[in-house]
Amino acid sequence: MSDKTYAKPIPSPSPETRFFWEKAHAHELWLPYCRPCARSYWYPRDFCPRCGSRDVESRRSTGRGRVYTFAIHHRAFHPGWADEVPYITALVELEEGVRIFSNLIGIDPDPAKVKCDMPVEAVFEDISDEITLIKFRPTA
Ligand SMILES: [Zn+2]
């Protein structure tokens with residue numbers, strides 16, 4: 001899909017997030033990791049939000065996690081989503097312990113079906129020649 005036909009806002013990588021977006025485009029999810037804290041954090045930046053250390057690196061995530069919480073949207077807040085309502089946004093807690101905000105796909109946007117704590121995995125949606133979005137779907 002080219003940028004011209006994609007009607008939603010497209011993320012623009014910054015110096016701090018470029019690595020994340022490049023890995024997403026390779027269909028991999030990488031998280032920033034603080035060596036002193038021995039923990040991952042979110043979102044990408046070149047210092048640890050917990051301790052302030054710049055002794056950080058990136059580590060590949062398993063892409064697996066659980067739905068921490070979710071919302072089912074019945075109104076589009078932007079014309080780009082007009083054809084997709086209802087859809088689900090979810091806060092996913094990854095196995096690495098960080099919570100990442102995304103869309104939950106591959107399941108009916110029905111509160112009787114979507115459950116907190118349900119296991120999910122990352123999926124990758126190429127939306128342009130440079131940008132790939134990371135979404136989540138229930139694991140089988
Ligand atoms: Zn730290």
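Trainee: Which residues have the most contacts inside the largest nonpolar core?

Mentor: In this predicted model, the largest nonpolar core is made up of 24 residues. Within that core, the residues with the most contacts are Leu29, Val92, Leu94, Leu104, Val120, Ile134 and Phe136.

Trainee: Which element gives the most residues to this core?

Mentor: The elements that supply two or more residues to the core are α1 (18–25), β4 (64–73), β5 (87–94), β6 (99–104), β7 (119–126) and β8 (132–138). Among these elements, the one that gives the most, with 4 residues, is β5.

Trainee: Which residues is Leu94 in contact with, once its neighbours within four places in sequence are left aside?

Mentor: Leu94 is one of the residues with the most contacts inside the core, and Leu29 and Phe136, which also belong to that group, are among its partners.

Trainee: Is Leu31 buried or exposed?

Mentor: Leu31 lies in strand β1, which covers residues 30–34. Buried means under 20% relative accessible area, and because Leu31 has a relative accessibility of 1%, it counts as buried.

Trainee: What distance separates the C-alpha atoms of Leu31 and Arg60?

Mentor: Leaving aside neighbours within four places in sequence, Leu31 is in contact with residues including Glu57, Ser58, Arg59 and Ser61. Arg60 is 29 residues away from Leu31 along the chain, and the separation of their C-alpha atoms is 6.2 Å.

Trainee: What is the radius of gyration of the chain?

Mentor: From the N terminus on, the elements run α-β-β-β-β-β-β-β-β, which amounts to 1 helix and 8 strands. The globule rule gives 14 Å for 140 residues, and the value for this chain is close to that, so the chain is as compact as a globular protein of that length, with a radius of gyration of 16 Å.

Trainee: How far apart do the centres of the positive and negative side chains lie?

Mentor: The chain has 19 positive and 20 negative side chains, and the centres of these two sets are separated by 5 Å.

Note on methods. Residues are numbered from 1 along each chain as its sequence is written. This is a predicted model: local features need pLDDT of at least 70, side-chain atom pairs count only at pLDDT 80 or more; totals for chains, interfaces and linings use all residues. Side-chain values use heavy atoms; hydrogens and water are left out. The radius of gyration is taken over C-alpha atoms; the globule rule is 2.2 Å times the number of residues to the power 0.38. Lys and Arg count as positive and Asp and Glu as negative; His and the chain ends are not counted. The place of a charge is taken as NZ of Lys, CZ of Arg, CG of Asp or CD of Glu. A nonpolar core is a set of buried Ala, Val, Leu, Ile, Met, Phe, Trp, Tyr and Cys residues joined through side-chain atoms within 4.5 Å. Buried means under 20% relative accessible area, exposed over 50%, partly exposed in between (1.4 Å probe, protein chains only). Contact means heavy atoms within 4.5 Å.
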